[in-house]
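Thanks, everyone. Please have a look at the model on the screen, and then we'll walk through a few spots.

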Amino acid sequence: MLSLLCIYTTVRAQSDKDSADIYFHHLDLNEVIVTSPVGQLKRKQTSTPISVVTRKEIRQTASANIIDAVAKQPGVAQVTTGNGISKPVIRGLGYNRIVCVADGVRQEGQQWGDEHGIEIDGQSVGQVEILKGPASLMYGSDAMAGVVIFHPEAIEPEGRMAANISTEYQTNSGLINYSLRFGGNKKGFVWNGRYSEKFAHAYKNKYDGYVPGTQFHERAANALLGVNKDWGFSHLTLGYYHITPSMTEGERDPETGEQLYDEDQYPNGNLKTYRKALPYQQIHHYKAVLDNSFAVGDGLLKAIIGYQQNRRQEFEEHHHHHHEGDEDHDHEGHDHDGSSEEPSLDLLLHTLTYDARYTYNGFDTWKLNGGIGGMYQRSLNEGEEFLIPDYNLFDIGAYITANKELRHWTLSGGLRYDYRHLHSHALTEEGEERFTDFTRNFSALSGSLGAVWHANSHLNIRANVARGFRAPNLSELGSNGAHHGTLRYEIGNPDLKPEYSWQGDLGFDYSSRYISFELALFLNHIDNYIFAEALADNALENAPVEDTAYRLFHYTQGNALLKGFEAGFDLHPIHQLHIGSTFSMVDARQLNQPLETRYLPLTPAPRLTAEVKWEFTHNGDHHTSAPHHQGESEHHHRLDHVFDNAYVSVGIEQYFRQNHYYMAEGTETATPAYTLLNVSAGTDILLKNGRKLCELYLIADNLLNCAYQSHLSRLKYADINNVTGRRGIFNPGRNFTIKLIFPLQF
């Protein structure tokens with residue numbers, strides 16, 4: 001049976017070897033160290049695939065948000081709603097089938113919705129670790145597709161303080177991004193603080209021009225205080241994230257095909273304004289996390305508790321009143337003419353997460369890990385419109401895992417038991433019952449068993465089988481309302497069953513001095529797969545009259561089979577030249593269904609990437625390489641002392657036509673193939689004393705200005721342009737980016 005293949009051509013090795021190995025460290029993929037909940041694990045020892053995106057790689061990528069920055073990894077995609085909202089998809093599965101972890105706890109916002117992004121400041125991320133396949137043993141329900149771990153910035157070494165200033169500009173949407181950071185470590189007292197802000201006006205493409213309602217404003221702040229001692233550490237992290245994305249509804253003039261917008265919101269027809277325009281969202285996310293680690297006996301005890309408050313508000317044209325004392329447009333809830341809007345939709349979510357685990361290393365070849373964790377949630381409707389009912393949720397899970405090292409083998413496995421209690425509260429609106437009162441309890445036993453065969457120092461073969469579990473979320477069970485950002489009205493189904501999956505993975509990786517390649521195959525059978533399908537003729541008896549213009553959806557389920565692979569290679573015929581390519585695809589379908597309902601919605605199109613990269617200097621190589629021969633040009637020698645880590649790269653992204661889509665009632669449509677050409681260059685600029693002045697990156701995405709629609713874009717289904725016959729809004733066109741990062745050390 002096919003399992004999972006994953007290829008990590010962009011991962012860079014981080015190992016303490018001799019200078020010759022460091023010189024070719026690009027190829028030593030198996031030595032990459034990643035941080036997992038059970039401690040330090042080498043990638044070659046894991047039986048399931050892991051992708052690692054380093055901070056350097058994030059900086060070398062142009063993106064509007066952190067998911068955009070990692071979605072080019074093999075097997076990873078993103079659901080987008082405009083330019084500022086992205087959600088991760090792993091091997092065709094997304095939403096509540098992926099757990100996102102930040103600051104050591106699962107990130108809990110409104111991840112069930114298309115137009116709800118991930119409330120994480122990309123500037124504060126030190127590294128991203130992507131676990132592909134069921135990870136329910138460590139993270140419980142919702143980790144059926146995998147886990148995306150956003151590791152924080154590294155704490156400074158003892159005795160050092162450091163700061164940096166970064167800034168960025170993108171031409172397509174006029175995006176301006178800046179961030180300030182200061183951290184240190186003195187006698188075991190550690191701290192870190194960062195403030196970031198980002199503005200963008202409407203993006204553009206050659207078919208739609210500037211797209212009104214795609215501007216956004218984001219700001220974030222976080223702080224860490226703690227102590228590092230011989231006994232372990234204790235860290236307190238506080239975070240705040242705020243984003244105000246406008247929402248485009250894609251309405252067009254039926255005669256001219258031009259996009260319609262409120263001229264009062266865009267004076268003089270200026271679509272390049274940075275000011276928010278109705279309708280828009282406003283999301284506030286607050287977080288406090290206490291992370292503790294103690295050396296106990298021959299092991300490590302971890303205890304993490306976190307509190308999060310997520311508030312999502314929507315503001316529409318017909319909800320605005322003047323309030324005395326209103327401030328200017330830059331303050332929340334106030335537009336540019338001094339008026340104040342009351343939110344139509346106002347969702348308030350409180351989440352308390354807890355996790356305690358112990359890792360025992362007392363055996364020579366065994367590592368044992370056991371723990372207990374879960375969360376409590378309370379969700380409230382504070383507005384006058386409703387999508388989901390108020391609810392309470394409590395879940396708890398206990399697990400144990402084991403890892404065994406043999407001469408040529410690494411064996412791993414574990415078991416977990418989960419229990420979840422969900423209570424949805426009734427709501428009556430204008431004498432009619434909008435939401436019913438119901439209670440659901442879910443429980444399941446999940447597990448995994450895997451092995452890695454280290455055939456020799458170059459080749460590893462891995463296999464894994466896992467049982468996954470996911471309880472339906474409240475939106476799937478009880479929703480009854482309009483999603484203005486995605487032009488849908490959704491109806492839940494309180495009788496949905498939980499999802500259960502069996503997934504098999506099979507992987508191969510090979511590394512040598514000049515070439516490396518990886519292949520990962522997967523087969524995933526899911527019972528009771530939950531998805532939303534369009535209703536016929538927009539027939540819905542209890543839909544409010546004003547919302548009948550939206551496409552109406554309800555939740556259903558069936559048995560599904562997903563299979564596919566990721567593959568790629570990384571070739572270095574000489575040190576400076578890097579040639580890499582990856583291919584990933586997933587086939588996702590319902591079993592025993594006719595063509596109209598055979599393929600699952602939101603399945604990413606097959607994707608091929610290729611890159612040719614030339615590295616002029618690399619990690620100070622010019623300091624350790626052989627001296628220049630007499631008569632050699634001094635010009636290159638002088639440049640070596642000005643530029644370091646300099647590179648230039650040319651790459652393509654080929655997205656193939658997606659003919660496998662959910663056809664019934666126009667739920668989805670086919671998506672044509674398209675090709676994007678990208679070019680980038682970067683360097684560190686050094687001072688005369690060899691210290692780094694700054695990092696400079698120049699990036700050109702979609703250089704040929706291709707007009708395309710991603711199959712996972714929610715704006716693909718906006719109004720039809722009656723003049724051209726094209727439906728929906730297209731993705732951003734050509735974009736040039738410049739980034740500057742100035743480091744300071746004390």
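Is Phe 394 buried, partly exposed or exposed? Phe 394 is partly exposed, because its relative accessible area is 32%. Buried means under 20%, exposed over 50%, partly exposed in between, with a 1.4 Å probe and protein chains only.

A word on the source: this is a predicted model, where local features need pLDDT of at least 70, side-chain atom pairs count only at pLDDT 80 or more, and totals for chains, interfaces and linings use all residues. Residues are numbered from 1 along each chain as its sequence is written, and side-chain values use heavy atoms, leaving out hydrogens and water.

Back to Phe 394. It lies in strand β24, residues 391-405. Strands here are DSSP runs (E, at least two residues), numbered from the N terminus.

Next, the sheet. Five strands form an open sheet, in the order β3-β9-β10-β7-β8, with mixed pairing. β3 (50-54) and β8 (105-106) stand at the edges with a single partner strand each, so one side of each has no neighbour in the sheet. Two strands pair if DSSP finds at least two bridges between them. β7, residues 98-102, pairs with β8 in the antiparallel sense over 2 bridges. There, Ala 102 stands opposite Val 105 in β8.

Last stop: Leu 349, in strand β22, residues 345-360. Leu 349 is buried, with a relative accessible area of 1%. Beyond its neighbours within four places in sequence, its contacts (heavy atoms within 4.5 Å) include Glu 108, Gln 308 and Tyr 391. Leu 349 and Gln 308 are 41 residues apart in sequence, yet 8.0 Å apart in space, C-alpha to C-alpha.

Definitions and conventions. Helices (H or I, at least four residues) and strands (E, at least two) are DSSP runs, numbered from the N terminus.
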